[in-house]
Amino acid sequence: AFLTLVRDLYTAEASALLVTRPEDTVTLPQKVLDYLGSHPFPVILIPWHIRFADIIDAVSKQIQKDSNVQITQYETIQKRLLETYLSNQNMNCAAQLLADSFQSQILIFDTSGRCKGFSKSFAAKEVPELEQLFFEKNYIIDIKAHERLYGSLYLKPLTSKKLYDESLFFHYLIWPLVLWFDKDWVIQAANQSTKDDFIWRLTKG
C-alpha cells in the first residue's frame, strides 16, 4: 500500500513526501527503497515530535527569502540594462549583458527576423536568421509590451540547466529591451519625415 502511494505521488509529479515516524528505528520498506533508487522522488522521514505546521512555516519563509534574493538580482540586471541604453550603447551590449547574467547565448531579432543584437558567443558571420531557429522555439521569448510585438529574444543556456525565471524575466527585463526598438522606430520615423519634407519641397518647386 505504501509503495502504491509513493508511485501515485511520483506519477502526479508531487515535490516530495514527508513521513513522521514514532521511533528512529523505523525505516522504509525495501520495495519502496528499490523503487526510489530508480525514481528521483524524495521521501523524507522526520521525527514524530516535529509538527508539519512548523515545517510548512520554515519552508514558506525560505521560499520568500529566496524570492527576495531573485528579485534583487533581476532589479540589478534591469538597472544595468537601463544604464547600457542611456549610455547610447547598441543591442550587442544588451545581448552580452544578458548572456553574462544568465550564462547563455543571446540573439535579439526584430519582427522581420533581422538580428539586432548578439552575444560574443556568436561571430557576426555566424549569426543565424530567426527562421533557422524553428526547431529551437523553446529558447525564444517574445519581446512584447502593451499588446505590441517588438521582436524576439533567443536565450539558450550554455548548460542544460535553465538559469532564469520566466515570470521575473518578463516583469523586469523585457521593457528595457523595448526601449531600443522604440528608439529605432523614432529614428526611422524622423528620417522618413525628412525625406517626405524634401520630396514635398521638390514638388512645390
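Start by selecting Q78, then show whatever touches it: leaving aside neighbours within four places in sequence, Q78 is in contact with Y172, L173, W175 and P176, where contact means heavy atoms within 4.5 Å. A word on what you're looking at: this is a predicted model, where local features need pLDDT of at least 70, side-chain atom pairs count only at pLDDT 80 or more, and totals for chains, interfaces and linings use all residues. Residues are numbered from 1 along each chain as its sequence is written, and side-chain values use heavy atoms, with hydrogens and water left out.

Is Q78 buried or exposed? Q78 counts as buried because its relative accessible area is 16%; the labels are buried for under 20%, exposed for over 50% and partly exposed in between, with a 1.4 Å probe and protein chains only. Helices here are DSSP runs of H or I with at least four residues, strands are runs of E with at least two, and both are numbered from the N terminus.

Next, colour the strands and look for an open sheet of four, in the order β4-β3-β6-β5 with antiparallel pairing. Two strands pair if DSSP finds at least two bridges between them. Pick out β4 (115–118) and β5 (140–145): each has a single partner strand, so these two stand at the edges, with one side of each left without a neighbour in the sheet. From one strand to the next, the twist averages 25°, with axes taken as lines fitted to C-alpha atoms and angles running from 0 to 180 degrees between N-to-C directions.

Zoom in on β5 and strand β6 (residues 148–157), which pair in the antiparallel sense over six bridges. Click D142 and look across: S152 in β6 stands opposite.

Now jump to L18, in strand β1 (residues 17–21). L18 counts as partly exposed because its relative accessibility is 32%.

Finally, zoom out to the whole chain. How many helices and strands does the chain have? There are five helices and six strands, running α-β-α-β-α-α-β-β-β-β-α along the sequence. Of the 205 residues in the chain, 29% are buried.
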